[in-house]
Amino acid sequence: MKTPFYYYDMALLDSTLAVLTEHAKQNDVAVHYALKANNHPRILQKIAARGMGADCVSGGEIAAALAAGVAPASIFFAGVGKRDEEILLALQSGIGAFVVESAAELFNIEQLARANGCIAPVLLRLNPEVDAHTHSHITTGLAENKFGLAPDDALALMPHLIQSDALSWRGLHFHIGSQIREAAVFEALCHKVNHLLSLFRTIGYSPEIVDLGGGLGINYAEPQSESIPNFAAYIQRFRMLIEANGARLHIEPGRSVVAQCGSLITQVLYIKEGKTKTFAIVDASMTDLVRPALYEAHHQIQLVRPDNWTIPASPVPIAMRPYDIVGPVCESSDVFERDLLMPELKRGDYLAIRSAGAYGAVMASSYNMRPLAESLFSDER
Ligand code: LLP
């Protein structure tokens, strides 16, 4: 296949899904995969086949989840800017819940539901004001962020929500950010959630659903040492710390499900000896994987053999030298890594940019009129 392309290790995806669903089942936690991380139909079908639900943020994602076979009742629809036609699609499809982020949105959903003779199931998304200690572009749980309702604003909406003939309240939703690697952050979330739950319960509002969002981070530096994230610890922590009192716990993992199974495979076009640096100019760019340019993210980069994209070409240490691995796009942020120690590189060498299965292909653009990278799946060769 023409480089650059995304390569997905479907055996790793299978084992990741097996571990995740096993721990979720043991702990009676419902899982909604966040489609925004990767929405390729082949990946969605595998996820749907495990009986998982979906966390969607657009009509397009709802349609993709339904097409892959996700049960409508386990689709949740989040996002601060739901359009009328998306709300109507969700109502007509019979989704499990709208995750509502503002009063204005709640009233709009109510109006559309009433006009169409439906009852819209609702989760209120609360902003728990817990700092996720992650990159500022992917933190969402602070008061300054646009997401969720302040708890007192949510409480003020409750009498209306409970009495409405076109709305049905199902519970509360929380999501504080992404790529969270510190257990203490999730512990802080649990404590805050318990506090908010007791606030609601004291007034007589007992949720049926407590949705804790997504956010579990992965090991970008050493993906091989942790190819399947520690779902056991993540899920058990919620089980142990959240005072559920009969409410069902839900989670919405995205990255942790699909990141490690995907690599962006690229070829070296030119080696350029600069005055102070050596550049390896590759045929992939920020248009294929924008995370390094957008979040200063680091993805492991390995020289790989063209007969097996998962295996590094030189497992034994050989002479190394530093390269800046850069793409062809006319932006100085089009850099995958600086001063990366690599074996001597030459034109035509294949590199794998690891942990690119999440927020990789889905965030691609055609800037500079570059074509979108295709996808290759390990089980279709
Ligand atoms: N639920 C909600 C409400 C979300 O906003 C997100 C992610 C998730 C679940 C899934 O979170 P995850 O388990 O993947 O952390 N493009 C960024 C990440 C943006 C995440 C946005 N929301 C990146 O490449 O790092």
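Trainee: Hi! At what angle do helix 1 and helix 8 pack, and how far apart are their axes?

Mentor: Helix 1 (residues 10–26) and helix 8 (residues 231–241) pack at about 25°, and their axes are 9 Å apart. Helices here are DSSP runs of H or I with at least four residues, numbered from the N terminus. Axes are lines fitted to C-alpha atoms over the stretch in contact, and angles run from 0 to 180 degrees between N-to-C directions. Bear in mind that this is a predicted model: local features need pLDDT of at least 70, side-chain atom pairs count only at pLDDT 80 or more, and totals for chains, interfaces and linings use all residues. Residues are numbered from 1 along each chain as its sequence is written.

Trainee: How are helix 1 and helix 8 oriented to each other?

Mentor: Helix 1 and helix 8 are therefore roughly parallel (an angle under 35 degrees). Their crossing is right-handed, that is, the near helix is turned clockwise from the far one by less than a right angle.

Trainee: Which residues meet there?

Mentor: Helix 1 brings Val19, Leu20, His23 and Ala24, and helix 8 brings Phe231, Ala232 and Ile235. Contact means that the C-beta atoms, placed from the backbone, lie within 7 Å. By class, there are six nonpolar residues, one polar and no charged. Nonpolar covers Ala, Val, Leu, Ile, Met, Phe, Trp, Tyr, Cys and Pro; charged covers Asp, Glu, Lys and Arg; the others, Gly among them, are polar.

Trainee: And what about helix 1 and helix 2: what is the angle there?

Mentor: Helix 1 and helix 2 (residues 41–49) pack at about 30°, with axes 10 Å apart, so they too are roughly parallel to each other. Helix 1 passes helix 2 in a right-handed crossing. Leu13, Asp14 and Leu17 of helix 1 touch Ile43, Lys46 and Ile47 of helix 2. That contact has four nonpolar, no polar and two charged residues.

Trainee: New topic: what surrounds the ligand?

Mentor: There are 21 residues around the ligand, and the closest are Ser178, Gly214, Gly254, Arg255 and Tyr359. A residue counts if its C-beta atom, placed from the backbone, lies within 6 Å of the molecule. Helix 9 (255–258) and helix 10 (291–295) are the elements giving two or more residues to that shell.

Trainee: How do the shell residues divide by class?

Mentor: Eight are nonpolar, eight polar and five charged.

Trainee: Last one: which domains does the chain have?

Mentor: Domain 1 (10–258) and domain 2 (262–356), with bounds from an automatic or database domain assignment. Their C-alpha centres lie 35 Å apart. The contact takes eight residues from domain 1 and nine from domain 2.

Note on methods
Two residues are in contact if their C-beta atoms, placed from the backbone, lie within 7 Å. Angles under 35 degrees count as roughly parallel, over 145 as roughly antiparallel, 65 to 115 as roughly perpendicular and the rest as oblique.
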